[in-house]
Amino acid sequence: MAANYSDDIGPMAYPMKLVSSEMVEHMMGWNIPEEHQAMVHAHWRSFPAVSKYYHFILALIYTMLMVTSLVGNGIVIWIFSTSKSLRSASNMFVINLAVFDLMMMIEMPLLIANSFYQHPIGFQLGCDVYAVLGSISGIGGAITNAVIAFDRYKTISCPLDGRINKVQASLLIAFTWFWSMPFTILPALKVWGRFVPEGFLTTCSFDYFTDDQDTKVFVACIFVWSYAIPMALICYFYSQLFGAVRLHERMLQEQAKKMNVKSLASNKEDASKSVEIRIAKVAFTIFFMFVCGWTPYAFVTMTGAYGDRSLLTPVATMIPAVCCKIVSCIDPWVYAINHPRYRAELQKRLPWLGVREQDPDTVSNSNSVTTTQSHTPTAEA
Amino acid sequence: MLDLLSLVLVVAVKVFKKTTPNGKVTVYLGKRDFIDHVDYCDPIDGVVVVDTEYLKGRKVYSQLVTTYRFGREEDEVMGVKFSKEMVIGQEQVVPMINSKMELTPVQEKLLKKLGPNAFPFTFSFPEMSPSSVTLQPSEEDQGKPMGVEYCVRTYVAESEDQKSHKRSSVTLAIKKLQHAPASRGRRLPSSLVSKGFTFSNGKISLEVTLDKEIYYHGEKIAANLIVSNNSRKSVRNIRCMVVQHVEITMINSQFSRHVASLESREGCPVTPGASLSKTFYLVPLARSNKDVRGVALDGHLKEDDVNLASSTLVCEGKCPADAIGIVVSYSVRVKLNCGTLGGELVTDVPFKLLHPAEGTVERQRFNAMKKMQSIERHRYENSLYTNEEEDNIVFEDFARLRMNEPE
């Protein structure tokens, strides 16, 4: 170990080490044994070791995220898979996303343990396990977002027969798993790329620092595969969906005009506008979440491979990891909590949660007068 | 004694009524099926009886509402609703605004019978409004069926724009239907097509002629086929079917369903040089398509005697493409199978499927038949009567409303 320092600090530091161990400023990766030193890239060793308090704060953040993710995604899987009214093809994708998010959650106890040791437990093997979980859940989650966008587009643009059936849904789910495989298996087997510790050296991900052609191409490919393609699909399907909704609204308005619906003419306009705005809001939320979750990671890896590496301090590289974990915790809220039947089921099973949702079967199907009726208490009640 | 009883039954007028959950407002309608005669449409005439003390200065409003549903309720995501409700008529019923309003005979009788607390109201369907159609849901579909529905909603409120309350409002589902014109027309729809083959000379020709242009529900359709084979291929078998074309204009999509079909090898193969003349008989019925999703029906599902949706008629001078809502049309499709390499020869002959017009002999026969079914059903229902509050108008109060002329 000592030899290792001398390389970096120079001969002057060596006597200081002898004086007092507290005075020595450890560099990153100091506590990783000799035989595993190869997994730590030289870039990290140029930074002083991260204080143990940083490790503890990170562990605390991850503990909170773990609980949130476990509760949110756990309830989603439990309710969507056990209640009859929610057993539809579209909801299979929501379950699939929750499974990916739960996989990402499994990473979290590993990190918490790593944080206490301040190095990856199990070194290369532990690192591989951590990175495989992250890679499958990250890439799978991204493409599932795109698949959900596709399913919604199909359902909304042709409400008669556009709906995906269960066989097609199962195939699409299998597709999301296959989609996450190449960039998981290849680096795990060190065929192309490899998994290495990053940031505080307690988390692991694919290698974006090694300065060779192989790694650079790998980073570019994974950027396109797991970020650019899903994002393009999400944008495409939601914009198509928005167009379809606008078209339907316009046709309905034309029909209303033919029947001289004038008593509600002004109201109608407001109502239809709000449908479009509502769609735009939901679509934008999903897009924004994707951007928030994965852009930091994309930025860090692309900078590591092609840009100014001095920007990538250990703390800076931990931010993307936290970002994508936060998004995996929010997912169930965005996809499931917006679902009226899910809310109704939640209200039925866990009344203490205080979800106030009427059973959609008892609420009238219309979207203008009748639905609001039931909410407004009047004198004669 | 028996004669007297039957006399009372004949004179009695059936009236449908429904009361608000709090029991203060009752709506009476003379019928629930309103006929669109293409050039004019039956008005919706009803009477509201209200406890005036209960109102305390508030007013009673009535609305004619149409609801389009063009997608399954359970597929609604992202806040999109696959249904649209449109108020196509609104009227203040109590206090009456137009006291010189022309009353229909039913309204006059009801007003006389129900006393000073009864107020009439009349709506007319907008000229272009679509007919009621229900698309048959599949077994696993939950929620309301797709289609075009109408209802009359009556509620108590301070002003027109104020929201009504469930306890003081009542909704009666009604249907708007189209009946055939009095004369069926003399034109016999027919189609003549022929088919040549890439690698051999000669053609197979097929002529299909129907025996009528307008059929009534339940009637047998006779399709006369003349196949003459001047090619070297032979016709293996013949398929003949009734196709229902459904166009859902609000989302610009369409589909078709085979509501009756027949396949025959009789007289087949039609060898080169031979010809075949044959008549196929088909009866398109709703009850033989009970498990087919998307088949268009005339109105409600709960009725046993529900029939296939009638063809949509467009009044003269209007383009059929202008029709809105759900547009239904029918054709007889004949397919000749000319072997694996020969392919198929297909032709479509359009026809109309409707209810007989009021006042014709066919109508009387049809009504008699329907009455028989209805009586049977009534007996059955009474034997295991369940009080379905949700069901809109099945409430028929015979005893109190036997409105024979002054006693």
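How many residues of domain 1 of chain B are in contact with domain 2 of chain B, and how many residues of domain 2 do they touch?

## Contact between the two domains

In this predicted model, 23 residues of domain 1 of chain B are in contact with 34 residues of domain 2 of chain B. The domain assignment places domain 1 of chain B at residues 13-178 and domain 2 of chain B at residues 190-354, and the centres of these two domains, taken over C-alpha atoms, are separated by 38 Å.

## Buried area

Between them, domain 1 and domain 2 of chain B bury about 2,300 Å², of which 63% lies on carbon and sulfur atoms. On the domain 1 side, B:Met128, B:Gln136 and B:Gln178 together supply 29% of the area buried against domain 2 of chain B, which is more than any other three residues supply.

## Polar and charged interactions

The count of salt bridges between domain 1 and domain 2 of chain B is 0, whereas the count of residue pairs in polar contact between these domains, with both residues at pLDDT 80 or more, is 7.

## Make-up of the domain 1 side

Three strands of chain B, namely E8 (133-135), E9 (147-157) and E10 (169-178), each supply at least two residues of the side of domain 1 that touches domain 2 of chain B. The largest share of that side, 4 residues, comes from E10(B). Sorted by class, the side of domain 1 of chain B that touches domain 2 of chain B has 13 nonpolar, 6 polar and 4 charged residues.

How values were computed
Residues are numbered from 1 along each chain as its sequence is written. Chains are lettered from A and ligands numbered from 1 in the order in which they are written. This is a predicted model: local features need pLDDT of at least 70, side-chain atom pairs count only at pLDDT 80 or more; totals for chains, interfaces and linings use all residues. Side-chain values use heavy atoms; hydrogens and water are left out. Domain bounds come from an automatic or database domain assignment. Contact means heavy atoms within 4.5 Å. Buried area is the accessible area (1.4 Å probe) that two parts lose on being put together, summed over both. A salt bridge is a side-chain nitrogen of Lys or Arg within 4 Å of a carboxyl oxygen of Asp or Glu. A polar contact is a pair of N or O atoms within 3.5 Å; within protein, one must be able to donate a hydrogen and the other to accept it, and residues adjacent in sequence count only if both atoms are side-chain atoms. Ala, Val, Leu, Ile, Met, Phe, Trp, Tyr, Cys and Pro count as nonpolar, Asp, Glu, Lys and Arg as charged, and the others, Gly among them, as polar.
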